[in-house]
Amino acid sequence: MNIDWDALRTRAVEAAASAYAPYSGLHVGVAGIVDDGRLVLGCNVENASYGLGLCAECTMAGQLRLSGGGRLVAVACRSGAGDLLMPCGRCRQVLYELGGPECLVDTPSGILPMSSVLPDAFGPEHLPA
Ligand code: THU
């Protein structure tokens with residue numbers, strides 16, 4: 001599938017406008033392409049109980065499932081100011097579950113597969129049958 005990365009990055013910045021981030025002040029948006037060509041979006045949703053805040057990737061995971069499921073093939077994460085943000089460690093694991101090792105991620109080092117940004121990942125294949 002041909003990925004329009006500039007368009008995906010723009011959608012991530014736009015999604016950050018929906019963020020609820022009164023504590024950190026960092027508005028985060030994420031945009032993903034699904035294997036059927038769908039676009040899914042997420043934004044961070046913080047909480048007064050700080051540790052309960054949701055990263056943008058987590059809310060995107062919900063939107064992926066609510067809008068028909070499928071596998072993520074490409075993901076871009078940006079701040080509202082347009083800066084590239086690398087998904088945190090927990091979010092890499094969330095993305096790995098839904099996109100697997102071949103899902104592409106926009107990183108400061110270029111567009112890389114999940115297998116490079118979460119090497120030797122724990123995944124569904126490690127669970128007993
Ligand atoms: N954040 C995300 O939404 N995604 C990430 O991958 C990294 C961090 C959010 C969580 C918190 O609301 C804010 O950025 C500051 O850490």
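Two strands pair if DSSP finds at least two bridges between them. Helices (H or I, at least four residues) and strands (E, at least two) are DSSP runs, numbered from the N terminus. The model is predicted: local features need pLDDT of at least 70, side-chain atom pairs count only at pLDDT 80 or more, and totals for chains, interfaces and linings use all residues. Residues are numbered from 1 along each chain as its sequence is written, and side-chain values use heavy atoms, with hydrogens and water left out.

View 1. Strands β4 (residues 104-107) and β5 (residues 110-113) run antiparallel, joined by four bridges. Leu104 stands opposite Pro113 in β5.

**View 2. Strands β3 and β4.** Here the strands run parallel, with two bridges joining β3 (residues 72-79) to β4. Val75 faces Val105 of β4 as its opposite residue. The chain passes from β3 through helix α3 (residues 89-99) to β4 in a right-handed β-α-β crossover (with the strands pointing away from the viewer, the path from the first strand over the helix to the second runs clockwise).

**View 3. Arg38 in its loop.** Arg38 sits in the loop between β1 (28-34) and β2 (39-43). A polar atom of the Arg38 side chain lies 3.0 Å from the backbone oxygen of Gly69. Arg38 also touches residues including Gly32, Ile33 and Leu64, not counting residues up to four places away in sequence (contact means heavy atoms within 4.5 Å).

Terms used
Polar contact = N/O pair within 3.5 Å; in protein donor to acceptor, adjacent residues only side chain to side chain.
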